[in-house]
Amino acid sequence: MEEKDKKEFEEVISSYYGEEQVAALVTFKIDTKGSDQVAQKIASYPYIEDVFLVTGDTDIVAKARFPNYAALKKFIVDDVADIDGIKETKTFMVVTTFKEKGEFRLEQEEEKK
């Protein structure tokens with residue numbers, strides 16, 4: 001993606017989310033020799049709610065809730081870059097939550113209407 005395209009993408013995402021809270025799932029491919037230390041470091045950030053060491057195509061999955069898109073971006077661009085042993089990340093921003101912590105969320109929203 002060209003620099004101009006990246007900037008336009010950032011502007012669209014920032015304008016869409018603005019100052020609203022953003023939930024995200026972040027996956028990490030890491031150097032598995034230090035998996036516990038990397039997982040503990042990720043877990044130490046205040047916006048991170050859950051951290052799981054998993055099997056498969058990724059090594060760690062973290063669930064996070066940020067006050068806004070700018071905080072998510074700072075975490076991915078600045079904070080993650082400071083953690084030794086991380087090879088790759090993928091960030092999945094949550095669009096709609098149907099069930100969380102065992103409770104249905106969508107029904108509660110519809111009941112409020």
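Helices (H or I, at least four residues) and strands (E, at least two) are DSSP runs, numbered from the N terminus. The model is predicted, so local features need pLDDT of at least 70 and side-chain atom pairs count only at pLDDT 80 or more, while totals for chains, interfaces and linings use all residues. Residues are numbered from 1 along each chain as its sequence is written, and side-chain values use heavy atoms, with hydrogens and water left out.

**The sheet**

Select β1, β2, β3 and β4. They form an open sheet of 4 strands in the order β2-β3-β1-β4, with antiparallel pairing; two strands pair if DSSP finds at least two bridges between them. β2 and β4 stand at the edges with a single partner strand each, so one side of each has no neighbour in the sheet. On average, neighbouring strands are turned by 20 degrees against each other, direction ignored. Here axes are lines fitted to C-alpha atoms, for helices over the stretch in contact, and angles between N-to-C directions run from 0 to 180 degrees.

Next, pick out the pairings. β1 and β3 are antiparallel and share 7 bridges; Thr27 has Val61 as its bridge partner in β3. Strand β2 (residues 48–53) is joined to strand β3 (residues 60–66) by 5 bridges, also antiparallel, and Ile48 has Ala64 as its bridge partner in β3. Between these two strands the hairpin has 6 residues, and Gly56 takes a positive phi near 115 degrees.

**The helices**

Select helix α2 (residues 35–43). Which of its residues are buried? They are Ser35, Val38, Ala39 and Ile42, where buried means under 20% relative accessible area, exposed over 50% and partly exposed in between (1.4 Å probe, protein chains only). These residues lie on the same side of α2 because they cover an arc of only 100 degrees around the axis, the arc being that of the directions from the helix axis to the C-beta atoms. Gln37 and Gln40, on the other side of α2, are exposed. The cover over the buried residues includes β1 (22–30), β2, β3 and β4 (86–93). α2 lies across these strands, running at about 165 degrees to β2.

Move to helix α3 (residues 69–79), whose buried residues are Tyr69, Ala71, Leu72, Phe75 and Asp79. This helix also lies across β1, β2, β3 and β4, at about 10 degrees to β1.

**The core**

Select Phe28, Ile42 and Ile86. Of the 21 residues in the largest nonpolar core, these touch the most other members. Such a core is a set of buried Ala, Val, Leu, Ile, Met, Phe, Trp, Tyr and Cys residues joined through side-chain atoms within 4.5 Å. β1, α2, β3 and α3 give two or more residues each to this core, and β1 has the largest share, 5 residues. Not counting residues up to four places away in sequence, Ile42 touches Phe28, Ile48, Val51, Ile60, Ala62, Ile83 and Ile86; contact means heavy atoms within 4.5 Å.

**Two single residues**

Ala23 lies in strand β1 and is buried, with a relative accessible area of 14%. Leaving aside neighbours within four places in sequence, Ala23 is in contact with Ala64, Arg65, Phe92, Met93 and Val94.

Finish at Glu100, in strand β5 (residues 99–100). Is Glu100 buried or exposed? Glu100 is buried, with a relative accessible area of 14%. Beyond its neighbours within four places in sequence, Glu100 is in contact with Lys63, Arg65 and Arg105.
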